[in-house]
Amino acid sequence: MDNIVIFGAPGSGKGTVSAKLMEHFGYEHISTGDVLRAEIKAGSELGKIAQSFMDRGQLIPDDLIIDILAKVYDSKKGSIGVIFDGFPRTLPQAKALKEMLTMRGEKLSVTLNLIVSEEELMRRLLRRAEIEGRTDDNKETILKRFNVYKTQTHPLLEWFKQEGLLSEFVFKGSAENFAAEIIEKVESI
Ligand code: AP5
Ligand code: MG
């Protein structure tokens, strides 16, 4: 089974690239952001906790997210591959992911790091705000999310590099080329 991490700042295209990989390879998708938004919509206890963090652009506590992730992963058992979108975001999450996979006789296949300029990220998220109305897509919260990404999540790239799992993709203005380059990489693994 392929286990693929999609890594990148808010708005870098983790969800968009995931959709392309699902279509091309038949993978399953785990977006921790989507899982949390579904919990909020359902009005669950977890959703209530998650909302307070997400609305402030903060990460929800590691133990909560790690616990959900294992449950969602087990529900995808038997699939050809799984894409982790938005997880891990901290070193404890990365270590927990590795341990979770090892315990199941699985391992990480590759980490795809999507590199997009901050100017382009802001433009995309403000445009999406008009279409989708996500509560964390406003300028103030977007800037907080960028800051959380820089301080808590971006440093994880060092860990992925040490694990020998990192592939980087720089967005140069064409969505088609970006997606094609990533699909080609995944095909080669
Ligand atoms: P999450 O939902 O993961 O949000 P995010 O990381 O901020 O990323 P986005 O979903 O906003 O962007 P994306 O990279 O998926 O880009 P997309 O494809 O949509 O997390 C939200 C919150 O949940 C976090 O802040 C945190 O509170 C919590 N959370 C989630 N995971 C957690 C974890 N592991 N631990 C703790 N807390 C967690 O693209 C964006 C826009 O750009 C779209 O409109 C798209 O159409 C457009 N676009 C995409 N690609 C291109 C392209 N190539 N060219 C032009 N436009 C493009
Ligand atoms: Mg997303």
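I'll start at the ligand: a backbone N or O atom of glycine 11 lies 3.0 Å from an oxygen atom of ligand 1. That is a polar contact, meaning a pair of N or O atoms within 3.5 Å; within protein, one must be able to donate a hydrogen and the other to accept it, and residues adjacent in sequence count only if both atoms are side-chain atoms. Taken alone, ligand 1 exposes 1,000 Å², and the protein buries 87% of that. Those areas come from the Shrake-Rupley method with a 1.4 Å probe, and for residues only the protein chains shown count as cover.

Before going on, some housekeeping. This is a predicted model, where local features need pLDDT of at least 70, side-chain atom pairs count only at pLDDT 80 or more, and totals for chains, interfaces and linings use all residues. Residues are numbered from 1 along each chain as its sequence is written, chains are lettered from A and ligands numbered from 1 in the order in which they are written, and side-chain values use heavy atoms, with hydrogens and water left out.

Back to ligand 1. Glycine 13 has a backbone N or O atom 3.1 Å from an oxygen atom of the ligand. For isoleucine 60, a backbone N or O atom is 3.1 Å from a nitrogen atom of ligand 1.

How many residues surround ligand 1? There are 29, the closest being Thr16, Gln58, Arg89, Arg128 and Arg145. To be near, a residue needs a heavy atom within 4 Å.

Helices H1 (14-25), H2 (32-42) and H6 (118-132) each supply at least two. Helices here are DSSP runs (H or I) of at least four residues, and strands (E) of at least two, numbered from the N terminus.

Now two single residues. Asparagine 3 sits in strand S1, residues 2-8. Asparagine 3 counts as buried because its relative accessibility is 0%, the cut-offs being under 20% for buried, over 50% for exposed, and partly exposed in between (1.4 Å probe, protein chains only). Its side chain makes polar contacts with the side chains of tyrosine 73, at 2.8 Å, and glutamate 106, at 3.1 Å.

Lysine 71 belongs to helix H4, residues 62-75. With a relative accessible area of 56%, lysine 71 is exposed. Its C-alpha atom is separated by 20 Å from that of glycine 15, 56 residues apart along the chain.
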